[in-house]
Amino acid sequence: MDALSDRIAELSERARRDREAFEPPVDPPDDEAALEYLVDGVGDVVGLYIEARTGELVRFDDAEFAMLERALNDWLDLYAACYGVDLEASFTVREAAELVVDTHSIRETAILLTNVPDRNHRKPWSQSVSKTDI
């Protein structure tokens, strides 16, 4: 197994363990846990994908790609569950990677993919932005 395959297997195993160990928050949202799943989960999957796809073209075999996408979606499900939302995510790694490149934010990427937290329940970005700034 090469280094890339080893990293994919490790991410897949971490996502499985996180899913098995997950305890839903008693009083959602749990922003801290949600952010941890994004940074230490979704971010790692997307980072590996971007790293592999930039520069030298790396082709994932079907099993590797399936493991990457399962890990991504497991962590997005856990992220949403931290807000009390049952998601059953089915996003592609490419879709997530393109959003990260566009937004430069793993959190914005998760919000755009999952709509969690719901727009109506999010805190405003800033109270100081006037309508002429938009």
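Is A66 buried, exposed or partly exposed? I looked this up before anything else in the model, which is a predicted one.

**Entry: A66**

I found A66 in helix α3. Its relative accessibility is 45%, so A66 counts as partly exposed. The cut-offs I used put buried under 20% and exposed over 50%, with partly exposed in between. I also looked up a distance from this residue to T92. The C-alpha atoms of A66 and T92 are separated by 9.6 Å, and the two residues are 26 apart along the chain.

**Entry: helix α3**

I then turned to the helix that holds A66. Helix α3 covers residues 62-81, which makes 20 residues. At 1.5 Å a residue I should expect a span of 28 Å.

How many of the 20 residues of α3 are buried? I noted 14, and therefore α3 is largely enclosed by the rest of the structure. A66, being partly exposed, is not one of the buried residues.

At the N-terminal end of α3 I looked for a cap. D61 caps that end. A side-chain oxygen of D61 lies 3.1 Å from the backbone nitrogen of A63.

**Entry: phi angles**

I wrote down a general point before this search: most residues other than glycine have a negative phi, and most peptide bonds are trans. Next I noted two residues that depart from the phi part.

E88 has a phi near 55°, a positive value, and is not a glycine. I placed E88 in the loop between α3 and α4, where α4 is residues 93-103. The relative accessible area of E88 is 64%, so I put E88 down as exposed.

N115 also has a positive phi, near 60°, and is not a glycine. I found N115 in the segment after α5. Its relative accessible area is 38%, so N115 is partly exposed.

**Entry: cis peptide bonds**

Where did I find cis peptide bonds? One runs from P28 to P29, and another joins V116 and P117.

For the bond from P28 to P29, I noted an omega near 5°. P29 lies in the loop between α1 (3-21) and α2 (31-53).

For the bond between V116 and P117, I noted an omega of about -5°. P117 has its place in the segment after α5, and α5 itself is residues 106-114. N115, with its positive phi, is in the segment after α5 as well.

Terms used:
Residues numbered from 1 in each chain as written. Predicted model: local features only at pLDDT ≥ 70, side-chain atom pairs only at ≥ 80, totals over all residues. Heavy atoms only, no water. Helix = DSSP H or I, 4+ residues; strand = E, 2+ residues; numbered from the N terminus. Expected span 1.5 Å × (residues − 1). Buried < 20%, exposed > 50% of the residue type's maximum accessible area, 1.4 Å probe, protein only. Polar contact = N/O pair within 3.5 Å; in protein donor to acceptor, adjacent residues only side chain to side chain.
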